[in-house]
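Could you walk me through how to read a sheet and the helices around it? I'm new to this one.

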Amino acid sequence: MDHGSDCFAITPYGRGAGSSRVRVFEWLDRIGTDFAVGSYLSLSDAAPSRLLRHPVSLARAELRLADVVRAGPRRLLLHREASPLSRGWWERRLLRSAEFAVYDFDDALQWDRGEGGLVRRLAPKAVKAQVAVDHADRVIAGNAVLADWACERHRDVVVIPSCVALGDYVPKGSYTLHDPPRLGWIGSPHNEASLLLISGALREVHRRTGARVTVVGTTTPSLGDLEHLIDRIAWSPDSQREALSAMDIGLMPLAHTAYSLGKCGYKLLQYAAAGLPAVATPLGVNTELLSEFGMPAPRGRDEWTAAVLGLIDSPATVRAGLGRNAREITGRRYSYDAWLPRWAAALELGPVTP
């Protein structure tokens with residue numbers, strides 16, 4: 001971290017993690033203000049097993065947070081949490097040390113009570129999110145569900161969605177189905193299990209059409225009996241750029257939980273940026289996006305089966321209309337260019353232009 005700046009951005013992950021990349025790095029790439037960025041260990045996640053393999057780096061990361069507090073930043077942006085080990089003390093100290101401090105979150109961290117391993121139970125994200133909202137000068141929430149909760153604790157809450165850059169995706173050119181059809185999913189390894197929620201529908205679609213599922217994420221098999229119909233592509237900026245346009249239909253199933261309710265619909269926006277028709281669970285932000293895009297919103301197994309088969313059986317012109325309409329709406333309403341002035345205003349950076 002370069003301490004020559006008096007503006008700091010603190011995020012728990014490196015650029016390779018979707019949340020930090022989308023909510024911090026992509027914005028900072030677009031402004032002229034010089035922010036020093038602290039991304040803890042610069043890893044793609046903060047799984048305890050990974051943290052324990054880097055004890056020296058872990059200690060240094062904690063010391064760097066103390067350095068930021070001592071620096072007394074003029075402006076501070078804190079995304080999600082400062083440290084996986086904190087129970088709120090780092091979030092409170094960092095936000096109170098700055099002349100102007102903004103807290104940004106894009107998941108329902110307030111309902112994450114630490115289910116899972118020991119570290120998660122000892123330092124639950126819910127505690128940190130509550131402390132951060134209480135001590136920030138302004139809060140940026142990724143959607144209205146998160147904002148409604150934050151507004152109960154803070155008077156200055158701004159909604160800024162997780163955005164995409166259309167130029168980061170190759171737009172789909174042909175809507176003629178592959179043989180067999182290619183369904184697709186993109187995301188981090190710990191979210192892959194969502195595909196198991198629609199395993200019955202995927203098996204039935206595969207039985208009827210031979211359709212396969214392309215997973216853009218990890219190449220490590222984790223979906224059990226579904227793996228026989230899955231093809232894996234390792235995620236990278238380059239693979240992401242082209243992989244979505246090579247699919248026929250995108251998938252975004254979600255569990256019906258409070259945490260899912262706080263999701264920002266980012267997968268749907270990625271599919272839309274590539275002009276890819278998609279099927280998704282109508283929960284939280286997804287409900288609004290699916291309505292805007294005119295795409296299927298199934299709830300149970302039978303509806304999922306019918307929705308995917310319906311798109312497969314539709315003429316190419318129908319799939320093309322859905323995909324191109326979604327891409328146009330996304331560029332106009334959910335792109336970085338569309339939201340950059342409001343993001344800069346939320347951080348009180350002065351006028352900026354896309």
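Predicted model: local features only at pLDDT ≥ 70, side-chain atom pairs only at ≥ 80, totals over all residues.

A: Residues are numbered from 1 along each chain as its sequence is written, and side-chain values use heavy atoms, with hydrogens and water left out.

Q: In what order do the 6 strands of the open sheet run?

A: Strands (E, at least two residues) and helices (H or I, at least four) are DSSP runs, numbered from the N terminus. Two strands pair if DSSP finds at least two bridges between them. Here the order is S2-S1-S3-S4-S5-S6, with parallel pairing. S2 (36–38) and S6 (157–159) are the edge strands, each pairing on one side only.

Q: How many bridges link S4 and S5?

A: S4 (residues 100–105) and S5 (residues 138–141) pair over 4 bridges. Tyr103 stands opposite Val139 in S5.

Q: At what angle do the axes of H1 and H15 cross?

A: Axes are lines fitted to C-alpha atoms, for helices over the stretch in contact, and angles run from 0 to 180 degrees between N-to-C directions. H1 (residues 18–28) and H15 (residues 336–346) have axes that come within 12 Å and cross at roughly 85°. They are therefore roughly perpendicular (65 to 115 degrees).

Q: Which residues of H1 and H15 make the contact?

A: Contact means heavy atoms within 4.5 Å. H1 brings Arg21, Val22, Arg23, Glu26, Trp27 and Leu28, and H15 brings Tyr336, Trp339, Leu340 and Trp343.

Notes:
Parallel < 35°, antiparallel > 145°, perpendicular 65-115°, else oblique.
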